[in-house]
Amino acid sequence: MSTPQPPMPQTAAPNWQAAPGSSYPGYTSPIPVVRTHLGHALASEWTKIRSVRSTMWTLGVFVLLVVGIGLGTAALVAGSSPDGSLSRENPLSFGFFGLLLGSMCVITLGVLTTASEYGTGMIRTTMTACPSRGRVLTAKAIVFFAVAFVVTLVSALLVALADVSMLDARDPSGEEWLKGTVGISLYMALLGLLSLVVGSIIRHSAGAITIMIGVLLAPLVIALFMFSESLQDLQQALFEYSIPNQLSVFYSQSLSDSGPSGWDPLWIMLGVTAAAFAAAYALLEKRDV
């Protein structure tokens with residue numbers, strides 16, 4: 001004969017509240033829902049660019065080239081020039097050679113910032129985490145531009161201070177200091193940003209780097225071999241608007257009396273980069289990842 005069991009106490013049913021817009025009424029997810037914004041994408045891209053080895057190696061070589069060649073050139077000139085022969089020279093201009101070679105490092109890093117993700121397939125994870133493709137490209141551009149500008153500014157300023165102290169030349173004016181440090185840094189960062197955009201368009205690291213090195217060097221090299229008189233106007237244009245000449249304009253040492261001057265190279269590079277960025281954004285929205 002069985003003993004009757006006392007009735008079990010009834011517990012109150014949990015009061016589930018439906019989340020706004022939830023397809024399961026009566027349930028609230030314990031995971032907080034946070035609306036994503038550009039700040040999250042910036043944090044993600046900053047984590048990427050500072051955690052990969054290519055960034056440290058590329059920027060390390062860049063600093064070594066800019067500082068090493070800049071100081072080495074100034075030391076060589078100071079040791080071989082007679083007293084007073086540099087009295088009219090701008091001492092900041094001797095940093096040009098290191099920056100010209102260092103620009104290849106900036107180009108390489110800019111391309112790798114975007115194209116390397118397509119090569120490894122990591123771009124699928126990036127786009128899954130942030131479906132807004134324009135936001136991803138914008139975050140990459142902002143983070144890279146900031147890194148390239150700061151590293152270039154520190155390197156150029158260090159070379160400029162050392163060259164002024166080493167060379168028996170005139171004191172640069174305030175505008176020359178501004179153009180030789182901040183101006184040249186903005187130009188180099190925009191050049192790297194253009195490389196980043198080209199990497200997003202081409203989606204292949206080697207191809208994009210080859211294109212950008214061609215943009216850097218090809219106009220000047222082609223112009224050197226134009227001997228025909230009928231091509232003199234084209235030769236002059238290639239000289240004036242080549243990237244090496246635009247870099248030298250920041251030190252008031254252009255290859256010709258006409259062409260870009262003052263801050264013109266910065267506006268030219270800004271316009272070209274903006275146009276390329278618009279094209280990359282349009283293609284990014286239409287292509288599959």
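## Helix packing and annotated spans in a predicted model

The average pLDDT over the chain is 84, and 88% of the residues reach at least 70.

**Helices α2 and α3**

- Two packed helices are described by the angle between their axes and the distance between the axes.
- For helix α2 (residues 53–80) and helix α3 (residues 96–120), the axes come within 7 Å and cross at roughly 170°.
- An angle over 145 degrees counts as roughly antiparallel, so α2 and α3 are roughly antiparallel to each other.
- On the α2 side, the contact involves S54, T55, T58, L59, V61, F62, L65, V66, I69 and T73.
- Facing them from α3 are F97, G98, L99, L101, G102, C105, V106, L109 and L112.
- Sorted by class, this α2–α3 contact holds 13 nonpolar and 6 polar residues, with no charged ones.

**Helices α1 and α5**

- Helix α1 (residues 38–51) and helix α5 (residues 133–166) have axes that come within 9 Å and cross at roughly 55°.
- That angle makes α1 oblique to α5.
- The crossing of α1 past α5 is right-handed.
- From α1, the residues making the contact are L38, A41, L42, E45, W46, K48 and I49.
- From α5, the partners are R135, V136, T138, A139, K140, I142, V143, F144 and V147.
- The class count for the α1–α5 contact is 11 nonpolar, 1 polar and 4 charged residues.

**Annotated spans**

- An unreviewed UniProt entry lists "transmembrane region" for residues 57–80, 92–115, 136–162, 182–202, 209–228 and 266–284.
- Residues 266–284 are 100% helix and 0% strand, with their end C-alpha atoms 26 Å apart.

**A backbone angle worth a look**

- R203 sits in the loop between α6 and α7 (205–224).
- The phi angle of R203 is near 65°, which is positive although the residue is not glycine.
- For context, most residues other than glycine have a negative phi.

Terms used
Residues are numbered from 1 along each chain as its sequence is written. This is a predicted model: local features need pLDDT of at least 70, side-chain atom pairs count only at pLDDT 80 or more; totals for chains, interfaces and linings use all residues. Side-chain values use heavy atoms; hydrogens and water are left out. Axes are lines fitted to C-alpha atoms, for helices over the stretch in contact, and angles run from 0 to 180 degrees between N-to-C directions. Helices (H or I, at least four residues) and strands (E, at least two) are DSSP runs, numbered from the N terminus. Angles under 35 degrees count as roughly parallel, over 145 as roughly antiparallel, 65 to 115 as roughly perpendicular and the rest as oblique. A crossing is left-handed if the near helix is turned anticlockwise from the far one by less than a right angle, and right-handed if clockwise. Contact means heavy atoms within 4.5 Å. Ala, Val, Leu, Ile, Met, Phe, Trp, Tyr, Cys and Pro count as nonpolar, Asp, Glu, Lys and Arg as charged, and the others, Gly among them, as polar. UniProt positions are given in the numbering used here, feature names are shortened, and annotations may be inferred rather than shown by experiment. pLDDT is the predictor's confidence in each residue, from 0 to 100.
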